[in-house]
Amino acid sequence: MAAGTGLLILDEYAPGPSDSVISALSPSADGPASPEPSGPSSTATAPPDSSAATLPSTSSSASAADGADSAPDDDAGPSAAEPPVLLRSVEEEATKGTGDLSVVEGESTAAGDGPLKRYLVEVEKGLPGEAEDFAAAVEEVLGDERGWIGDGDLSLQRVDSGPVDFRVTLAAPDTVDEMCHPLQTNGYVSCTMGGRAIINQNRWVSGVEHFEGDLETYRIYVVNHEVGHALGHGHVDCADPGEPAPVMQQQTFGLQGCAANGWVHP
Ligand SMILES: [Zn+2]
């Protein structure tokens with residue numbers, strides 16, 4: 001399928017005007033970048049001398065699912081009580097929530113080397129699933145060396161109050177459409193807007209068909225992709241069919257011959 005933008009211009013990247021931390025590096029961002037403020041200005045640059053010392057450990061205390069090919073209903077391991085972090089809260093789809101966003105409480109240690117960027121996680125009220133599960137999954141993805149911290153030029157820390165450099169938001173399709181306007185998300189995809197990586201609840205719980213049931217990979221992808229926009233990265237295409245798709249490829253729409261992949265450094 002050609003990359004012609006045809007009818008749907010989706011999963012767009014439009015840096016908000018107040019995103020001091022966002023520099024639009026790539027000219028490839030498609031769709032109409034909005035000059036118009038959307039929602040409260042939520043970004044601020046963390047002070048360089050932020051008191052949080054960089055701790056040696058970047059692993060969250062939750063049992064890590066990374067690396068393992070997780071089959072949720074495999075043979076019961078020693079602690080089979082709970083699914084892996086990335087596969088929790090697989091709930092039904094929802095059209096709408098209450099429209100109110102709630103910050104999920106909790107902080108992580110700083111993961112990575114380099115200047116610290118702080119983020120918080122917020123979830124629309126009224127969605128099926130546990131907000132804490134979403135936050136734990138985001139924290140797991142953003143704290144992994146295969147993600148953006150693997151470049152060695154930034155650290156990421158989840159916090160639950162400002163100032164923050166970006167937010168990761170889970171919202172119902174209708175709310176995503178509103179928050180992403182004038183980008184067209186059509187009740188289906190996610191976007192980054194105004195310093196928010198805004199993830200569509202229905203993609204979070206159902207993924208997309210061409211990931212062939214690998215919801216864990218899709219979840220990793222959608223977090224890293226949207227946060228990639230928040231960090232200033234634009235879209236790229238599959239360059240080497242058969243190889244893992246670049247995380248900034250619009251994999252929600254298709255794989256272009258590449259293999260589904262969620263990591264920056266697979
Ligand atoms: Zn995108």
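The buried residues of helix H2 pack against strand S4 (116–124), strand S6 (166–171), strand S7 (191–193), strand S8 (196–200) and helix H3 (201–206). Packing here rests on contacts, meaning that the C-beta atoms of two residues, placed from the backbone, lie within 7 Å. Helices (H or I, at least four residues) and strands (E, at least two) are DSSP runs, numbered from the N terminus.

This is a predicted model, in which local features need pLDDT of at least 70 and side-chain atom pairs count only at pLDDT 80 or more, while totals for chains, interfaces and linings use all residues. Residue numbers start from 1 along each chain as its sequence is written.

Back to H2 itself. The helix spans residues 173–180 and is mostly covered, with six of its eight residues buried. The buried ones are Pro173, Thr175, Val176, Asp177, Met179 and Cys180. A residue counts as buried if 20 or more other C-beta atoms lie within 10 Å of its own, as exposed if 12 or fewer do, and as partly exposed in between; these C-beta atoms are placed from the backbone.

Now for some backbone geometry worth a look. Most residues other than glycine have a negative phi, and most peptide bonds are trans. The table gathers the exceptions discussed here.

| Site | Feature | Angle | Location |
|---|---|---|---|
| Gly162 to Pro163 | cis peptide bond | omega near -5° | Pro163 in the loop between strand S5 (154–158) and S6 |
| His181 to Pro182 | cis peptide bond | omega about 10° | Pro182 in the loop between H2 and S7 |
| Gln256 | positive phi | phi about 55° | segment after H4 |

Is Gly242 buried or exposed? With 8 other C-beta atoms within 10 Å, Gly242 is exposed. Even so, Gly242 touches Gly257 and Ala259, leaving aside residues up to four places away in sequence. Cys258 also belongs in this picture: Gly242 and Cys258 are 16 residues apart in sequence, and their C-alpha atoms are 4.8 Å apart in space.
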